[in-house]
Amino acid sequence: MPEDRQSHRANAADHHVGSRIRERRVMMGLSQQQLAKMIGVTYQQAHKYERGLNRISAGRLFEIAQVLGVPVSWFFEGLADGTETQEMSHRQRMCLELARNFALIDNEKHQEALSQMARALAAQSQTRAQD
């Protein structure tokens, strides 16, 4: 396999892994600075990891996986040959934040009320879309 093709695939993998780190960090409600402190690197280094600008060693990735509470394999899910990782959209980020915040609500009645409100709003949107 030509070297530039190998380099491109490795680069795509670095971006994918970085994107998954960012996704999980946001899901957990951590800032880049908090993650950096937890894994013992600078904020700038954590930022470069998430952007796929710097490669992550196996040991560091294992440490990140432990801190974020996922298996190392989680960072590679969805990585397919020849596909570029898409940046997380604003909508995807909002969905992750919504799920994270919902999980933090300790009152079951409040969770149920929020769930009912979401169902009602979704039904309203569906009705408008059908008209």
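**View 1. Asp14 is a buried residue of this predicted model.** The relative accessibility of Asp14 is 18%, and the residue therefore counts as buried, the limit being under 20%. Asp14 belongs to helix H1, which spans residues 3-28. Leaving aside residues up to four places away in sequence, Asp14 touches Gly52 and Arg55. With Arg55 there is also a polar contact, made between the two side chains at 2.7 Å.

**View 2. Trp74 and Phe75 form an aromatic pair.** A search of the whole structure finds one such pair. The arrangement of Trp74 and Phe75 is edge-to-face, with 5.6 Å from centre to centre and 85° between the planes. Both Trp74 and Phe75 are buried. The face of Trp74 has a further neighbour: Arg20 lies over this face, at 3.6 Å from the ring centre.

**View 3. Helix H2 has a buried side and a face turned away from it.** The helix comprises residues 32-39, and its buried residues are Gln32, Leu35, Ala36 and Ile39. These residues lie on the same side of H2, because they cover an arc of only 100° around the axis. In general, an α-helix has 3.6 residues a turn, so residues three or four places apart point the same way. Gln33 and Lys37 are exposed, and they are carried on the face of H2 turned away from the buried side.

Technical notes
Residues are numbered from 1 along each chain as its sequence is written. This is a predicted model: local features need pLDDT of at least 70, side-chain atom pairs count only at pLDDT 80 or more; totals for chains, interfaces and linings use all residues. Side-chain values use heavy atoms; hydrogens and water are left out. Helices (H or I, at least four residues) and strands (E, at least two) are DSSP runs, numbered from the N terminus. Buried means under 20% relative accessible area, exposed over 50%, partly exposed in between (1.4 Å probe, protein chains only). A polar contact is a pair of N or O atoms within 3.5 Å; within protein, one must be able to donate a hydrogen and the other to accept it, and residues adjacent in sequence count only if both atoms are side-chain atoms. Contact means heavy atoms within 4.5 Å. Rings of Phe, Tyr and Trp (its six-membered ring) pair if their centres lie within 6.5 Å; planes under 30 degrees apart count as stacked, over 60 as edge-to-face and the rest as tilted. A charge sits over a ring if NZ of Lys or CZ of Arg is within 6 Å of the ring centre and within 35 degrees of the ring normal. The arc is that of the directions from the helix axis to the C-beta atoms.
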